[in-house]
Amino acid sequence: MSIIQVRTLREFLESDQVIDCDCSNYWVCSHTGPLKLEMAVQRLGWEFDFYAGRELLARVVYCSVCGKRAPTFRLG
């Protein structure tokens with residue numbers, strides 16, 4: 001049995017797998033929450049490869065509480 005790795009934003013949406021974001025401003029903010037995949041798709045496109053483009057994604061994602069960019073990503 002082979003395991004199919006979910007890579008693109010489209011595949012994440014279709015599989016219901018979640019990308020969680022932990023705020024990088026951990027001395028001040030401890031906010032964590034799921035990446036809004038629909039918003040990421042609007043900015044980066046359906047075929048954006050999460051693994052190949054994590055650094056780019058981190059530059060455009062920001063904390064909805066404190067505004068700090070570059071979260072730590074976790075797969076949920």
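1. A residue is called buried under 20% relative accessible area, exposed over 50%, and partly exposed in between (1.4 Å probe, protein chains only). By this definition, buried residues make up 32% of the 76 residues in the protein.

2. The model is predicted: local features need pLDDT of at least 70, side-chain atom pairs count only at pLDDT 80 or more, and totals for chains, interfaces and linings use all residues. Residues are numbered from 1 along each chain as its sequence is written, and side-chain values use heavy atoms, with hydrogens and water left out.

3. The protein contains 3 helices and 3 strands, in the order α-β-β-α-α-β from the N terminus. Helices (H or I, at least four residues) and strands (E, at least two) are DSSP runs, numbered from the N terminus.

4. The whole structure holds 4 salt bridges, a salt bridge being a side-chain nitrogen of Lys or Arg within 4 Å of a carboxyl oxygen of Asp or Glu. One of them joins Arg10 and Glu47 at 2.7 Å, N to O. Arg10 lies in helix α1 and Glu47 in the loop between α2 and α3, so the pair ties together parts 37 residues apart in sequence. Arg10 is partly exposed, at 31% relative accessible area, whereas Glu47 is exposed, at 51%.

5. Arg74 also forms a salt bridge with Asp20, with the closest N and O atoms 3.8 Å apart. This pair links strand β1, which holds Asp20, to strand β3, which holds Arg74. Asp20 is buried, at 16%, and Arg74 is partly exposed, at 38%.
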